[in-house]
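Here are my notes after going through the model. I have kept them as numbered points so that you can follow along with the coordinates open.

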Amino acid sequence: TRSQAHRTTTANLSARTGVGIAPETLPQTIRDAIYVTRTLEFRFLWLDSLCIIQDSAEDKHREVASMARVYRHAYLTIDAATAASVEEGFLQDRPPFHSRDATFLPFICPASPRDGEVQSEVRVGNLCLDLPRPDDGSGSDEVFENETGRRGWCLQERLLSTRSLIFGESALSVECQARPAAFCVGLDRNIYQVHAGLYDIVPVSGPAAVSAPPGSDNWMKIHRRWQELVQDYSRRSLTYASDKLLACAAIAEVLAPYLGPNYLAGLWPNTVLFDLLWHIWDGSPGLRARPRGYPYAPSWSWASTHRRITFLASVHGALQPIAEAVNHSITLQDSNLQFGPVQPGGYLTLHAAFLLCKWCGNVGKIEHQQHAFEFSRSSYSPSICYFDDDADLQDVFLVPLVVERELGPEKGRCRAVYGMLVAQAEWSICQSARFHEHSQVYQRVGVWSYEWALWVPRNEDAGEMSSDFEAFSRMCQDVPKGEIVLV
């Protein structure tokens, strides 16, 4: 198709570097980008499809490894937010915008290119000046209404660019990392809510550095931002599932000095117990399938699923680990891409408690000494399980990872326990991880939480429920720990 024909390949590389590229052979979105570049009097324009050899994994990996520097040092990024395809272009007329708070001024529209020709007639339009509204905490998804907000590769482009010129559906927006919000002309007033960049926690340009030793407020803030970005990224689409880790590698590279060292297929060793607490999100607990034999990441990584995910908890002072990561192994597909794709066979070893839970229907049951504890998929239960595997499971194991404690007057009292659900690993996965003792290796199949804070005592059973929770939290902390290998 034409949308594929314009791309640089090993077959046409020598002709392009020798003779050049005829503009009329390029699709409209690229021609519009060239026009904007020339109008702004810049000499150079980077286009992935032209500047990266598309059928060369070696060239692709080499260029991807430098994309964080490209975005950070480029003067401007052109965001074609209205172009659903490379054929559509983004310099179309926008519909009129109406707002009681806006000020409209006459504006002489410059000539614009369409179909290879330049329109020379002078046209008068309206310039709309409207200040962005503050975030009201509603979690607006407006930023995802444009095309680039739906694409996985565009997240790091948007976050790491020093400046962005955004051609939205109803407005032209300018976003700068040095400002606390995007300067917008027109409708896209909430566009900065998710994509204010990393300016407030990590400098993306200049020599300044942020002091963020592990355990500090800055460090916890950076880690929470990472989790927010992963949640954002997981709802975006990728043409090739194999790009899951590759398309966010530049973001990981920027945050690595604070969250590293090392990178475990989307998780960080210093926060791995918190990073394991992800689950597939659909608004309610339930069974959601991971594709069988998913080859792009281990089962314990959020990169192992195509679906949108969220985290049960973020690192903060009230959360305390009750398990320990003692060993891990990840092999990169390309040793030059520290944050890129991994080969099958990665594993993570934990020193943690291991509780058998007999599962029947929507209820799982643990029996420990004189106590019996039940877990449910119902959001009205104090103990909730989120499964992310489609296996027919009856025996699963609960692995407690962290507890949340009171910080106020009742300092030290346990409020919640969070952990993983694991099951015996499939034999094929054990083989790829080079483990021959199948019965001793497990794969992640979900997460769980038991929260005392969910209960508002309203009847005579409140004391009994509180007693059950206290017994459960003590069990999670006191039960003997052992080594658990996850693949």
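1. Which residues is Gln-156 in contact with, leaving aside its neighbours within four places in sequence? They are Tyr-71, Ser-161, Leu-246, Ala-247, Cys-248, Ala-249, Ala-250 and Ile-251, where contact means heavy atoms within 4.5 Å. Gln-156 is found in helix H7 (residues 154-160); helices (H or I, at least four residues) and strands (E, at least two) are DSSP runs, numbered from the N terminus. At 1% relative accessibility, Gln-156 counts as buried (buried means under 20% relative accessible area, exposed over 50%, partly exposed in between, with a 1.4 Å probe and protein chains only). Its side chain also reaches the backbone nitrogen of Ala-249, at 3.4 Å.

2. A word on the ground rules. This is a predicted model, in which local features need pLDDT of at least 70 and side-chain atom pairs count only at pLDDT 80 or more, while totals for chains, interfaces and linings use all residues. Residues are numbered from 1 along each chain as its sequence is written, and side-chain values use heavy atoms, with hydrogens and water left out.

3. On confidence: the protein chain has a mean pLDDT of 78, and 76% of its residues reach 70 or more (pLDDT is the predictor's confidence in each residue, from 0 to 100). Confidence is highest in helix H10 (residues 272-275), at 95, and lowest in strand E8 (residues 183-185), at a mean of 45. Please take care with two stretches. Residues 135-144 have pLDDT below 50, with 18 contacts in the model beyond near neighbours in sequence. Residues 180-196 are also below 50, and this stretch has 63 such contacts.

4. Now the aromatic rings. The structure holds 17 aromatic pairs; rings of Phe, Tyr and Trp (its six-membered ring) pair if their centres lie within 6.5 Å, and planes under 30 degrees apart count as stacked, over 60 as edge-to-face and the rest as tilted. One of them, Phe-90 with Phe-167, is tilted, at 4.8 Å centre to centre and 55° between the planes. Phe-90 lies in the loop between strand E1 (77-79) and strand E2 (103-109) and Phe-167 in strand E6 (residues 163-167), so this pair ties together parts that are 77 residues apart in sequence. Both Phe-90 and Phe-167 are buried.

5. Why is the pair of Trp-448 and Phe-472 edge-to-face? The ring planes are at 85°, with the centres 5.8 Å apart, so the pair falls in that class. Trp-448 belongs to strand E20 (residues 441-451) and Phe-472 to helix H12 (residues 462-478), 24 residues apart. Trp-448 and Phe-472 are both buried. They also belong to a cluster that ring pairs build from Phe-373, Phe-375, Trp-448, Tyr-450, Phe-469 and Phe-472.

6. Two arginines are worth a look. Arg-444 lies over the face of Trp-278, 3.6 Å from the ring centre, and the charged end of Arg-163 sits over the ring of Tyr-75, 4.4 Å from its centre. A charge sits over a ring if NZ of Lys or CZ of Arg is within 6 Å of the ring centre and within 35 degrees of the ring normal.

7. Which residues touch the most other members of the largest nonpolar core? Of its 67 residues, these are Trp-226, Leu-276, Trp-302, Leu-350 and Leu-401 (a nonpolar core is a set of buried Ala, Val, Leu, Ile, Met, Phe, Trp, Tyr and Cys residues joined through side-chain atoms within 4.5 Å). Helix H9 (residues 249-259) gives the most to this core, with 9 residues. Another core, of 26 residues, lies apart from it, and includes Leu-355, Phe-375, Cys-476 and Val-479.

8. Finally, please check the loop between H9 and H10, where Pro-261 is found. The peptide bond from Gly-260 to Pro-261 is cis, with omega near 5°. Asn-262 is found in this loop too, and its phi is near 75°, a positive value in a residue other than glycine. Ala-265, also in the loop, has a positive phi, near 50°. Asn-262 is partly exposed at 43% relative accessibility, whereas Ala-265 is buried at 1%.

Conventions: A polar contact is a pair of N or O atoms within 3.5 Å; within protein, one must be able to donate a hydrogen and the other to accept it, and residues adjacent in sequence count only if both atoms are side-chain atoms.
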